[in-house]
Each structure stands twice: as structure tokens, then as C-alpha cells.
2 protein chains.
Amino acid sequence: MTIQEPVTARPAGRPRSEKAEKAIIDATLDLIGEGMGVSELSIEAIASRAGVGKTTIYRRWSNKEDLVVDALSTLKAPLPVLTGESVRADLISLLDAMRREAGQRRSRCVMNIAMNEADRHPRLMERFLKRAVEPRREAMRAVIERGIASGELRADLDVDLGMAILSGTMLWHTKWGPAGDLPADLAERVVNAALAGMAPEGR
Amino acid sequence: MTIQEPVTARPAGRPRSEKAEKAIIDATLDLIGEGMGVSELSIEAIASRAGVGKTTIYRRWSNKEDLVVDALSTLKAPLPVLTGESVRADLISLLDAMRREAGQRRSRCVMNIAMNEADRHPRLMERFLKRAVEPRREAMRAVIERGIASGELRADLDVDLGMAILSGTMLWHTKWGPAGDLPADLAERVVNAALAGMAPEGR
């Protein structure tokens with residue numbers, strides 16, 4: 001999608017078009033965030049909220065699902081740059097990106113509503129997962145596999161279960177943790193606790 | 001609430017009333033499960049779906065929120081009986097109850113929709129948490145504290161973080177795991193992995 005291209009890559013005369021794109025994306029997220037389900041969402045409503053004509057939308061997105069996938073994807077923070085110095089540090093970077101993302105109230109609200117409709121829009125959800133979630137999962141999987149190879153993680157670690165422990169503990173905090181911002185040191189504490197395990201040493 | 005009392009504790013002549021209660025609870029859950037938000041839900045709609053008069057509802061629940069809290073609470077599995085033989089076994093029992101609960105598609109769907117509205121109905125959600133979630137959390141906290149005291153868990157374990165790791169890993173599987181039923185041995189694998197930790201022994 002064009003929305004993620006750097007401005008300099010655009011042909012001359014596109015700024016107005018970019019502004020329209022942003023307005024359309026914002027309108028879509030606003031309407032979802034206000035509780036309008038993906039089913040009820042219409043190109044008409046989005047156009048009206050964004051202050052553009054329907055044609056302007058259809059010029060970029062051939063259907064509502066494409067637009068919603070793009071809009072939801074803009075809520076995801078970019079993948080953090082991993083230094084590769086240690087598996088522990090890289091896992092903390094990955095989890096800290098989740099923490100920062102969850103700290104944005106609007107993202108959280110819109111994402112909750114959208115995820116809630118996953119059952120009713122499986123194809124949309126599948127595309128969103130592929131586009132915005134899978135690259136993050138693959139990054140974590142690569143770090144864990146590197147850790148097993150280097151001996152920084154246990155040789156018999158179940159990679160999927162390790163990913164579920166790390167991501168799940170963060171997810172739990174965003175869903176059930178105390179209200180307000182997640183603590184700045186949460187990612188570090190989660191990684192340290194997950195690495196150390198709950199059992200005493202040598203058990 | 002009367003709905004959780006055993007049948008034998010009821011005065012004579014209540015069976016019809018119980019049947020009505022069940023129909024009302026079912027109608028409430030059905031309507032939520034079909035995507036009717038808590039805001040849109042009305043006593044009229046519930047009465048009509050349940051095939052009872054509005055008075056029948058108001059005789060038991062003075063308002064919609066009370067009814068929704070009761071209805072959602074019926075979706076929670078009863079707290080498992082803990083044998084107390086080992087902390088590991090008790091944690092597996094607690095997590096396995098979460099697994100079984102998540103396996104019920106209707107519960108999962110209704111609960112998702114309801115949780116999604118938590119922001120808009122904070123008082124209702126607070127009551128539901130107190131009624132249906134907190135007893136489960138307290139049970140897990142007690143087992144973890146017992147484990148720290150007995151030496152089955154590490155002395156420096158952060159209890160809240162330990163709870164988040166266990167519950168979060170289960171939550172992750174219900175939200176993001178492969179479609180279909182959760183594997184029968186999931187609770188055991190999660191507890192074993194969380195206890196062992198991801199780091200190699202002695203690190």
C-alpha cells in the first residue's frame with residue numbers, strides 16, 4: 001500500500017492525495033473506535049467523515065476490507081531495531097514495542113473492537129494477521145531460535161510455548177493489568193521472569 | 001443470586017420460576033452473542049426472546065446491568081477442586097479450568113463481546129470481575145504463595161508476575177493459538193514451561 005511509502009518516493013503533485021489518504025484512514029479508525037462494527041461501516045460513512053468523495057476512496061481501495069486492513073495496520077508500531085547483542089536484550093526490545101503500542105488508548109480501543117469481530121470477518125482478520133502480526137511473530141521466533149542455538153536459551157525449549165509465554169504475559173497486562181500506563185520496566189521484568197522460571201534453581 | 005442455589009434449597013412451587021430464569025439468562029447471552037451490545041440490549045428484547053413478560057424479569061433483576069452480570073457469570077466454569085498435593089498439580093488444575101472454559105465456543109464469543117464493551121460499562125465490568133474473575137485470581141495467588149512458602153517455587157518470585165505468566169500464556173492460546181480446541185495437555189505444558197523457565201539451568 002502506498003500509505004507506508006516515504007514521501008520522497010511519490011511523484012510530484014501527490015501531497016493533496018496523501019492528505020486525503022490520512023483523512024480516510026483516520027475516519028475509518030474513528031468510526032471503528034466509536035463502536036461502529038466492520039459490518040456496519042460503509043464507504044459512504046467513511047467518505048462523509050473524511051470530507052472526501054466516495055470516488056477518492058475507491059481510487060485507492062477497491063473495497064472496504066482492504067481499507068480496514070490498511071487502517072488497522074497503521075496502528076501497529078514499527079518493528080523495533082534489534083541490536084543482536086544478546087537474546088535477552090532483543091526480547092526486551094520486542095516486548096517493549098508491545099508495551100508502547102498498548103499504551104496508546106485509541107489503538108487499544110480500536111484494536112479491541114476489531115478483534116472482537118474476527119469471527120464475523122475471518123478473511124479480513126487473516127489478512128491483517130498476515131500483514132501486521134506475523135512479521136512481529138517471526139521476529140520473535142528468530143530471536144528465540146538464535147538463543148537456543150547460542151545456548152542463551154535452554155536447548156529443549158518449545159519455541160511456540162516460549163513465544164506464548166512472552167507475548168501472553170504482555171497481553172495479560174494490557175487486558176487485565178491495573179489501569180493506566182504499563183510500567184516502563186515491564187518488558188524487562190517479564191523477560192527476566194520468563195527466562196528465570198518460577199521454580200527454584202536446580203529443580 | 002438465586003440462580004446459583006441448589007434446587008433443593010428452593011421453596012416449593014419454584015420450578016416454573018427456575019425455568020423462566022434459565023430462559024431469561026439464555027436469552028440475554030444469545031442476544032449478546034449475536035452482537036447486540038450491552039448498550040443496545042433492552043429488557044423488552046430479552047423478555048421477547050425468552051418468551052416471558054417484562055415483569056417476570058423485573059421480579060428477579062431490578063435492572064439490566066444486574067441481569068448481564070448474572071448472565072456472564074454463568075459462563076464461568078466452577079473453581080476446580082485443588083488437591084493440595086503439590087503446587088505444580090494445583091496450578092495445572094487451575095489452568096485446565098481456563099482451558100475447558102475457553103473450549104466452549106459460545107462462552108468465548110459472548111465473553112469477547114462483553115469484554116469489548118468494558119470501557120463503556122465500567123461499573124458492570126467491575127462487578128463482573130469481582131463476582132466471577134477475582135475468586136479465580138485469589139485461588140491462584142494462594143497456590144503461588146503456598147509454593148513460595150514451601151520452597152516449591154522460588155523465594156524471590158514476584159507473585160503478580162507469576163500469575164500474569166500463567167494466565168497470560170493460557171489467554172494467548174485462546175486468542176491467538178491455532179484454531180480448534182486447545183490441546184488437552186496444554187495446562188500441564190504451560191505450567192511445566194513456566195516453572196522451568198526459558199534460560200538454561202544455572203544461568
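Helices (H or I, at least four residues) and strands (E, at least two) are taken here as DSSP runs, numbered from the N terminus. This is a predicted model, in which local features need pLDDT of at least 70 and side-chain atom pairs count only at pLDDT 80 or more, while totals for chains, interfaces and linings use all residues. Residues are numbered from 1 along each chain as its sequence is written, chains are lettered from A in the order in which they are written, and side-chain values use heavy atoms, with hydrogens and water left out.

**Chain A**

UniProt, in an unreviewed entry, places the feature "DNA-binding region" at residues 42–61 of chain A; such positions are given in the numbering used here, feature names are shortened, and annotations may be inferred rather than shown by experiment. Over residues 42–61 of chain A, the chain is 75% helix and 0% strand, and the end C-alpha atoms lie 13 Å apart.

Helix 4 (residues 64–73) of chain A packs with helix 7 (residues 122–150) of chain A, and their crossing is right-handed.

**Helix pairs and their axes**

Axes are lines fitted to C-alpha atoms, for helices over the stretch in contact, and angles run from 0 to 180 degrees between N-to-C directions.

| Helix pair | Angle | Axes |
|---|---|---|
| Helix 4 and helix 7 of chain A | about 35° | 10 Å apart |
| Helix 5 and helix 8 of chain B | roughly 25° | within 10 Å |
| Helix 8 and helix 9 of chain B | roughly 135° | within 10 Å |

**Chain B**

The axes of helix 5 (residues 87–102) of chain B and helix 8 (residues 159–176) of chain B cross at roughly 25°, which makes helix 5 of chain B roughly parallel to helix 8 of chain B. Angles under 35 degrees count as roughly parallel, over 145 as roughly antiparallel, 65 to 115 as roughly perpendicular and the rest as oblique. The contact includes Leu91(B) and Leu95(B) of helix 5 of chain B and Leu166(B) and Met170(B) of helix 8 of chain B.

The axes of helix 8 of chain B and helix 9 (residues 186–196) of chain B cross at roughly 135°, which makes helix 8 of chain B oblique to helix 9 of chain B. Leu166(B) and Met170(B) of helix 8 of chain B are among the residues of this contact, as are Val190(B) and Val191(B) of helix 9 of chain B. The contact residues divide into eight nonpolar, two polar and no charged.

Note on methods:
Contact = heavy atoms within 4.5 Å. Nonpolar A, V, L, I, M, F, W, Y, C, P; charged D, E, K, R; others polar. Left-handed = near helix turned anticlockwise from the far one by under 90°.
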